[in-house]
Amino acid sequence: MASRRRFLKSLSAAGALGAVRPIETLASRAQNASGFFGLHSFVDSHPEAVFIMRTSVDDKTNHDAIRQAGLSFARSVIVPRENGVPLTHLIPIKPNITYSQPNKIGTKLTGGTIPVSVEYELGIVTHPSFVEGSIEGIKELGVSAPNIHVVETWDSGTWKALGYNDMAQRTGVTMKSREQKVSVISSNELVWVDVPDGTWFRRIPYLYPVNAPDTWLLSISKFKAHGMGITLCMKNIQGTIAHDYQEFCTRYGSTYNAAASDMNPDRNSVIQANYNRHVADGIPRWDRPGGDGGLWMETWASRTIDNNRSTSIGLSVIEGVYGRDGDGFLVGPNSGQYSSTECFDYLSNIIVFGKNQVYVDIVGHWLAGHEPDNFGLFHIAKEFGLSQTINPMNIPVYEWTADGTATRTPLTSFDRTPLKTYYLQRNYNGGTEPKFHLCDETFDYPVEPPLGIDDSAKPKSFVLHQNKPNPFNPSTSIEYSLHRGGNVRLEVYNSSGQVVDVLVDGYRPAGAHLAVWNTSGKASGVYFYRFRSGGFTETRKMTLLK
């Protein structure tokens with residue numbers, strides 16, 4: 001288990017974000033661009049995969065280190081492409097800036113004694129320094145800062161209090177309040193999407209430019225617990241919807257402030273029927289009765305699925321530099337220095353990302369100490385075809401490094417950071433589960449083929465691909481595939497036959513892998529790379545041009 005060291009350093013609002021140091025930019029990223037950007041080709045070609053990048057932040061108050069983590073992430077994952085997303089596209093970025101309590105900064109929690117500081121509140125949201133680093137990495141590609149829109153339906157002082165306004169001013173991106181209700185906000189600020197077969201919605205009003213033509217959405221959620229479980233990427237984009245349509249957490253049977261014509265007239269009866277079916281099917285914890293029980297979760301999940309089916313997402317990310325347990329806001333399961341009901345922050349030092357937001361969330365729940373089968377949202381997502389599995393061990397997981405190396409790695413190799421939640425507490429029918437708990441009951445998952453592997457796609461032999469780019473400077477990527485696990489050696493040698501680098505030397509599991517050769521100190525010229533595994537050997541040529 002990851003260290004559960006506490007990080008509750010209280011700082012004043014004026015000094016919380018610390019001195020801002022300029023980020024070193026890479027002019028080569030713009031110079032090498034041909035008018036397009038996109039995801040790293042390995043990430044792009046493996047939509048079934050989830051990638052985990054480790055960070056090395058020593059303290060949640062180290063904003064420079066968190067900013068650098070965002071920059072390293074963006075530089076390695078969002079890259080120049082020969083074709084892809086035009087640099088002229090608008091880029092909406094959706095961090096989790098959920099409504100907190102900025103009015104309480106400098107005071108004490110109601111009913112407790114915890115002093116509310118900016119640092120304490122930052123555990124609720126995607127860290128603005130990580131978003132800032134990501135933005136600077138995207139700008140290096142040649143994207144105009146005003147074309148980057150930081151979008152969130154909540155404001156009410158949260159942005160300013162937690163440093164987002166200052167971050168937007170430093171980076172030059174577009175960030176303006178769009179928290180007016182649909183009946184008030186300008187029609188130019190909305191993008192309506194039809195949902196003809198939605199369980200809850202018939203039309204959804206998105207905040208411009210989300211879902212507008214010629215846009216690319218980057219979702220950056222926060223690693224934290226909440227009443228709906230671990231609320232990651234699927235819930236994060238709830239905040240791309242205008243008031244009051246975004247109030248997914250409204251309970252079944254309660255008033256929902258959206259126009260009747262924009263909702264399914266049969267929504268309540270459909271949800272009730274689905275709920276009854278899911279209880280009979282045995283979705284875990286769905287049998288909890290009452291207004292805060294399974295029917296509430298069925299209602300919330302139905303709205304969430306409508307939203308995710310209607311939204312085009314370029315990349316889904318979990319910022320997990322540190323994670324928060326408890327209710328997602330300010331109350332939690334811990335007895336601390338100030339109160340017996342504190343939420344704690346834990347350095348988890350991970351960034352989790354992928355093209356499929358459901359798979360990213362499944363892995364994120366596992367990393368937070370939970371068994372994903374216990375969450376009905378994933379069962380419903382599979383029913384609607386948003387995923388093919390609920391089993392986290394069935395999802396290809398890669399460790400990603402800042403140089404763009406992807407190594408197929410068992411999920412169990414990563415530390416878990418248990419984040420307790422109050423999701424569907426089992427305190428009924430004789431149950432005595434505490435309010436904050438882990439949903440970690442084991443589940444016998446059905447036997448399914450691993451994602452990305454079928455009879456046509458499964459490599460029948462070892463495959464060594466041509467390096468990309470080629471010619472190159474200063475680095476190039478080499479992809480290879482194994483039809484069975486085994487020891488691999490991938491070495492680079494010069495035209496004289498001398499080995500100049502060994503990129504891989506050890507066991508690798510079956511599947512696709514990616515190695516990167518960084519050529520610092522190497523002269524221009526022709527080089528060769530040789531792959532060896534299980535008696536198979538292949539050599540290819542590449543050219544370094546400096």
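1. A quick reminder on handedness before the helix pairs: a crossing is right-handed if the near helix is turned clockwise from the far one by less than a right angle, and left-handed if anticlockwise. By that rule, helix 5 passes helix 7 in a right-handed crossing. Bear in mind throughout that this is a predicted model.

2. Staying with that pair, helix 5 covers residues 128-139 and helix 7 covers residues 164-171; their axes come within 10 Å and cross at roughly 15°. Angles under 35 degrees count as roughly parallel, so helix 5 is roughly parallel to helix 7. On the helix 5 side the contact uses Pro128, Val131, Glu132, Ile135, Glu136 and Lys139, and on the helix 7 side Tyr164, Met167, Arg170 and Thr171. Sorted by class, that contact has five nonpolar, one polar and four charged residues.

3. Next, helix 9 (residues 267-281) against helix 10. These two pack at an angle of about 120°, with axes 10 Å apart, which makes helix 9 oblique to helix 10. The crossing is right-handed. From helix 9 come Ile271, Gln272, Asn274, Tyr275 and His278, meeting Gly294, Leu295, Glu298, Thr299 and Ser302 of helix 10.

4. Helix 10 brings Glu298, Trp300, Ala301, Thr304 and Ile305 to the contact, while helix 12 brings Leu377, Ile380 and Ala381. The make-up of this contact is six nonpolar, one polar and one charged residues. Glu298 is worth a look in the viewer: it is listed in the contact with helix 12 and also in the one with helix 9.

5. Now for Ser76, which sits in helix 3 (residues 63-77). Is it buried or exposed? Buried means under 20% relative accessible area, and Ser76 has 5%, so it is buried. Leaving aside neighbours within four places in sequence, Ser76 touches His40, Met53, Trp400, Thr401, Ala402 and Gly404.

6. On to the strands, with strand 8 (residues 203-207). Four of its five residues are buried, so strand 8 is largely enclosed by the rest of the structure. Strand 7 (residues 190-194) runs antiparallel to strand 8, and five bridges join them. One of the pairs to check is Val191, whose bridge partner in strand 8 is Tyr206.

7. Finally, there is an open sheet of four strands, in the order 19-18-21-22, with antiparallel pairing. Which strands stand at the edges? Strand 19 (499-508) and strand 22 (536-544) do; each has a single partner strand, so one side of each is left without a neighbour in the sheet. Ignoring direction, neighbouring strands of the sheet are turned by 15° against each other on average. Strand 18 (residues 486-494) and strand 21 (residues 525-533) run antiparallel and are joined by six bridges. Within that pairing, Leu490 has Phe531 of strand 21 as its bridge partner.

Conventions
Residues numbered from 1 in each chain as written. Predicted model: local features only at pLDDT ≥ 70, side-chain atom pairs only at ≥ 80, totals over all residues. Heavy atoms only, no water. Contact = heavy atoms within 4.5 Å. Nonpolar A, V, L, I, M, F, W, Y, C, P; charged D, E, K, R; others polar. Pairing = 2+ DSSP bridges. Axes fitted to C-alpha atoms, helices over the stretch in contact; angles between N-to-C directions. Parallel < 35°, antiparallel > 145°, perpendicular 65-115°, else oblique. Buried < 20%, exposed > 50% of the residue type's maximum accessible area, 1.4 Å probe, protein only.
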